[in-house]
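Student: Could you walk me through a few backbone and surface details of this one?
Tutor: Gladly; here it is.

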Amino acid sequence: MSKLELQKVTVIYPPPRKGSSEVHALEDINLTIEGNDFVVALGASGCGKTTLLNVMAGFIQPSSGQVMLNAKRIKGPGADRGVVFQQHALLPWLNVMDNTSFGLMLQREKSEERKKVAAKYLGLVGLEDFLTHYPYQLSGGMRQRVGLARALTSDPAILLMDEPLGALDALTREIMQELVLDIWNQTKKMVFFITHSVDEAIFMATRLIVMSPRPGRIIKSYHLDFNKQFFKNRDARRIKSLPDFIDMRQEVLNIIHSDEIRIDQG
Amino acid sequence: MSHSTSFKQTTIGYFSKLFGRGPVLPGESYGAPGVGNSMGISIVTSVAIIFLWWFITHMGWVKPLFLPSPISVLRKFVEIWSEDFGGATLLTHTEASLFRVFSAFFLACVTAIPVGIAMGVNRVFRGIFDPPIEFYRPIPPLGYLPLTIIWLGIEDTQKITLIYLAVFAPMALNARAGVRSVTIEQIQMAYSLGASRAQVIWHVILKGAMPEILTGMRIGIGFGWTTLVAAEMVAAEAGIGHMVLSAAEFLVTDVVIMGIIVIGAIAYAFDLLMRFIERKVVPWKGKM
C-alpha cells in the first residue's frame, strides 16, 4: 500500500516585484495520502493548490519541510507520480498511440510491450478506435483522456491531476468525472485532484481539503463517500441532488465565502 | 429607371463580394480576414505581367536595349543554355551558383540549428552567441564582403563563407525561437514520465521547435539567394550573378533579365519544395 506524506511543507516565492514582499504560497502543510485515497483540493485561485501539486510532482523544491513517497524523500520529478495537466500537454507530432506510450519509449521499453500497455490504458479511457489520430484531430475531452492514459502507463503510485477537467464543457466534464472515478476504482491508485468546482470536489472526493490563500494552507478537511454511492447506482446526477450533497455544498461554499470576506477585509 | 437600379445593385453586389462585406455563406466565418483561394488571381496576375511586358516591347514603346521582349529573352535562354557566355554556358553558371548557395545552406543547417537550439536551452551558449550574432546580423553582406576577400581570397571558400554568414543568423535565431515555443507543460510532462535532460531536448524540444526551424530554413535560403549576386560580383569565373554583371557591362539586357528570372525561378521552386516538406514534417503547424 502506497503512502504520500507532506511534512510541514512551506513554499515561499521571492518577491514578484522590487519592493514588494515575498509570497507565502504554502505554509506548514501536513497531509497524508494513502491506500485508495481520492484527495480533492478546492479553493480560490492563488490559494496554492497548484504549488502543492508541483511540490508533490517534484517540480518545486519546498522552502522547508519535505515530501515522502513510500518513506522515500522526493527530490525531483519521476515516473512513480503520474501528472495530468490542465492543458493536456500532448505532443502534436505523435499520434494517440505514440503519445500514450511516450513514457514507455523514454524508459526504452520494447515496441511490442509499449503498444500492449498503451492499448490497455487507451481501452480503459475508451479511445481504442483512435490510435492513429493526431491530437489536433481530437476533441478537448479526448485529448484529456489521452493525457490520463499516458499518466497511467508508467503505473505510478499516485495520479496528480491539476484541474484536468477545467477546460471542458459541462456535459463532457460530467462524463469525464465518471471516467476518472471508474479508473481510480479499477486501478486502486491514490489520486490528488485539483478543481474549482465545488460539485465536482464533493462528488469525487474521499477526502476534500479546502484551501485558503495568503498564506496558502488547508483550512478544512472532510471525509466523504458520495463516490461510493456512485459505484452502487451509477447515477451521478441523482447523487448531486441528494439533500446530504446539497447541505455539504452549502457548507463548503459558506467556508469559502467567509474566507473570501476575511481576505478582502484583511 | 428600373434598369439602372438593377445595374447599380449588381455593381454594389459585386464589390460587396470582392471586399467581403455582408453576411457570409454557411460554412464560412464572418469577418475572417483574407479567406478564399487566391490561386486563380495569382495566375491571372502573372499572365497579365508577361502580356504587358510583351505588349510594351511589341509596340516599340521601350527600346530593346532597356527592355527586350519576352521572346528574345526566351531565345537567349535556349541559346546560352549550351553556348558560352561570359566564360561559361548557362548550365555551368547555374551549377556554380547552386553549388555555392547550397553548400552554404547545408553548412548553416548543420551548425546554425544546433547553435540556435543550444542558445535556447542553455544560458551559457546564449551568453556566448547572442552578442556576435546580434551584432553582425543587421550588417548587409556587402559591408563585410571586402573583409572576407582580405581573409579568404576570391575562391569559392570566400563566396560560400559570405553566403553562409548571411544564412546563419536567421536560421540560428529561428531555432532559438522554436525552443521557446515548446510549452512548459510539455517539458514537465516528459520529466514526470522519467525523462532525462537529453531525452527532453531530443524528444520534446527539438521536435517542438521543428516548425520554427523550417521557417528559419526558408528565411535563411532567401538570404542566401540575396547574397549570391553580391558574392559573385567580385572576381568570379562562373555563376549566374557573374553572368548578369558581365552582361550588364556590355548592355546585353536580355541576358541580364534572363539571369534574374533564372535565380527567381530556382528560389521560388525551392521555396515550394520547402513548403511541401513543411506540410509533411509539421502537419500540425497552426492547428494546435
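**Backbone and surface notes**

Student: Is Arg214(A) buried or exposed?
Tutor: Arg214(A) counts as exposed because its relative accessibility is 64%, where exposed means over 50%, buried under 20% and partly exposed in between, with a 1.4 Å probe and protein chains only. This is a predicted model, in which local features need pLDDT of at least 70, side-chain atom pairs count only at pLDDT 80 or more, and totals for chains, interfaces and linings use all residues. Residues are numbered from 1 along each chain as its sequence is written, chains are lettered from A and ligands numbered from 1 in the order in which they are written, and side-chain values use heavy atoms, leaving out hydrogens and water.

Student: And what is its phi?
Tutor: Arg214(A) is not a glycine, yet its phi is positive, at about 50°.

Student: Which residue does the cis peptide bond join to Arg214(A)?
Tutor: That bond joins Arg214(A) to Pro215(A), with omega about -10°. Pro215(A) is placed in the loop between strand 9 (207-212) and strand 10 (217-223) of chain A, and Arg214(A) lies in the loop between strand 9 and strand 10 of chain A; strands are DSSP runs of E with at least two residues, helices runs of H or I with at least four, numbered from the N terminus.

Student: OK, now Arg234(A): where is it?
Tutor: Arg234(A) sits in the loop between helix 8 (226-233) and helix 9 (236-240) of chain A. Its phi is positive too, near 50°, in a residue other than glycine, and Arg234(A) counts as partly exposed because its relative accessibility is 44%.
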